[in-house]
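Subject: Structure handover

Hello,

Here is the structure you were going to take over. My notes on what turned up in it follow below.

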Amino acid sequence: ASSIMWTQIADDLAEQGYRVLAYDQRGISPGARPKSSKAYHIKDYMADAMGIADAVGFEKAHVVGHDMGAVVAWGLSMAHPDRLQSLATMSIPTPDVLKIRPHAALLSIPWLPEAILQAQGSKRFYKMLPQNRTEEQDVEYKAIFAEDGALSGGLNFYRQVRPSMRYLKESLRRPVEANTLFLWGTGEGWVNDAYLAEQNTRMAPGATLDVVEIQDAGDTGHFLVATQPQRVLDGLLPHLKANSPSAFGGP
């Protein structure tokens with residue numbers, strides 16, 4: 001997703017003294033938009049995150065992700081537990097318990113989703129973007145997806161969703177060691193009681209999992225960062241503080 005969605009939350013966290021880095025995931029930025037859909041496996045997204053962390057000198061970090069970013073964050077928690085100070089995910093439970101929903105399967109089909117979403121002057125596509133977006137965010141999203149290849153770049157994650165899910169379920173199924181916050185909005189289609197119960201079993205001994213349900217997060221309950229940024233911050237700040245080095249007597 002575009003980093004523009006994190007603007008308000010990132011600014012508020014920075015005011016609290018956190019060094020915040022929000023980046024455009026592959027497919028969004030022109031310089032990181034491979035044409036082949038095979039370059040959008042979860043392992044590629046995870047490698048991007050680790051490469052960026054190394055480049056800016058983050059030996060350990062609080063990892064926060066929403067939607068596609070949440071899938072990446074869960075993967076990082078299992079593949080690189082030594083690099084996480086804590087984990088916070090939104091809307092998508094640990095993906096190794098999920099089943100692929102029909103709309104995700106549809107978006108994985110070659111070329112057809114682009115044709116459908118571009119129909120009617122892209123009205124259908126813009127309905128998929130975060131609700132309650134600001135004017136600045138709206139301008140940014142429309143500029144991004146007017147670029148050549150950007151729509152396919154954004155959809156190619158779904159074209160690797162099956163092998164990515166298989167990798168998470170079969171090759172990377174490890175207990176989550178990081179203390180974790182999971183935020184979800186009422187009405188979220190990716191969340192149900194069975195998933196939440198299974199998610200509890202994915203935690204390593206001693207690791208905590210705090211689950212917070214957020215009301216009034218829009219019709220789908222999905223776009224928490226856009227619809228309820230203050231509620232997200234209200235959940236994030238205590239979580240980050242409790243899991244920062246100073247909370248354990250460190251520097």
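A residue counts as buried under 20% relative accessible area, as exposed over 50%, and as partly exposed in between. With a relative accessible area of 29%, Glu 198 is therefore partly exposed. Please keep in mind throughout that this is a predicted model.

Salt bridges

Arg 173 is partly exposed, because its relative accessibility is 41%.

Arg 173 also forms a salt bridge with Asp 96, where the closest N and O atoms are 3.2 Å apart. Asp 96 belongs to the loop between β2 (84-90) and α4 (102-107), while Arg 173 is in the loop between α9 (161-171) and β3, so parts 77 residues apart in sequence are tied together by the pair. With a relative accessible area of 7%, Asp 96 is buried.

Asp 96 has a salt bridge to Arg 202 as well, at 2.7 Å from N to O. Since Arg 202 lies in the loop between α10 and β4 and Asp 96 in the loop between β2 and α4, the pair ties together parts that are 106 residues apart in sequence. Arg 202 and Asp 96 are both buried.

Taken together, Asp 96, Arg 173, Glu 198 and Arg 202 are linked in a network of salt bridges. The search of the whole structure finds 7 salt bridges.

Helix α10 (residues 193-200) also holds Asp 193. At 67% relative accessibility, Asp 193 counts as exposed. From C-alpha to C-alpha, Asp 193 and Asp 96 are 15 Å apart in space, and 97 residues separate them in sequence.

Strands

Strand β3 (residues 180-185) is joined to strand β4 (residues 209-214) by 6 bridges, and the two run parallel. Within this pairing, Phe 182 has Val 211 in β4 as its bridge partner, and Gly 185 stands opposite Ile 214 in β4. β3, α10 and β4 make a right-handed β-α-β unit.

Strand β2 also runs parallel to β3, with 4 bridges joining them. Here the bridge partner of Ala 88 is Leu 181 in β3.

Is β3 mostly covered or mostly open? It is mostly covered, as 6 of its 6 residues are buried. In a regular strand the side chains alternate between the two faces of the sheet. In β3, Thr 180, Phe 182 and Trp 184 point one way and Leu 181, Leu 183 and Gly 185 the other way, and all are buried.

Nonpolar core

Which residues touch the most other members of the largest nonpolar core? They are Ile 9, Leu 76, Leu 87 and Val 232, out of 66 residues in that core. Helix α3 (residues 68-79) gives the largest share of this core, with 8 residues. In soluble globular proteins, nonpolar side chains tend to be buried together.

Leaving aside neighbours within four places in sequence, Val 232 is in contact with Ile 9, Met 90, Leu 183, Ile 214, Leu 224 and Val 225.

A buried glutamine

Gln 228 is in the loop between α11 (224-227) and α12 (229-242). Gln 228 counts as buried because its relative accessibility is 17%. What does the side chain of Gln 228 reach? The side chain reaches the backbone oxygen of Asp 216 at 2.9 Å. Apart from neighbours within four places in sequence, the contacts of Gln 228 are Ile 214, Gln 215, Asp 216 and Ala 217.

Regards

Technical notes: Residues are numbered from 1 along each chain as its sequence is written. This is a predicted model: local features need pLDDT of at least 70, side-chain atom pairs count only at pLDDT 80 or more; totals for chains, interfaces and linings use all residues. Side-chain values use heavy atoms; hydrogens and water are left out. A nonpolar core is a set of buried Ala, Val, Leu, Ile, Met, Phe, Trp, Tyr and Cys residues joined through side-chain atoms within 4.5 Å. Buried means under 20% relative accessible area, exposed over 50%, partly exposed in between (1.4 Å probe, protein chains only). Contact means heavy atoms within 4.5 Å. A polar contact is a pair of N or O atoms within 3.5 Å; within protein, one must be able to donate a hydrogen and the other to accept it, and residues adjacent in sequence count only if both atoms are side-chain atoms. Two strands pair if DSSP finds at least two bridges between them. A crossover is right-handed if, with the strands pointing away from the viewer, the path from the first strand over the helix to the second runs clockwise. A salt bridge is a side-chain nitrogen of Lys or Arg within 4 Å of a carboxyl oxygen of Asp or Glu.
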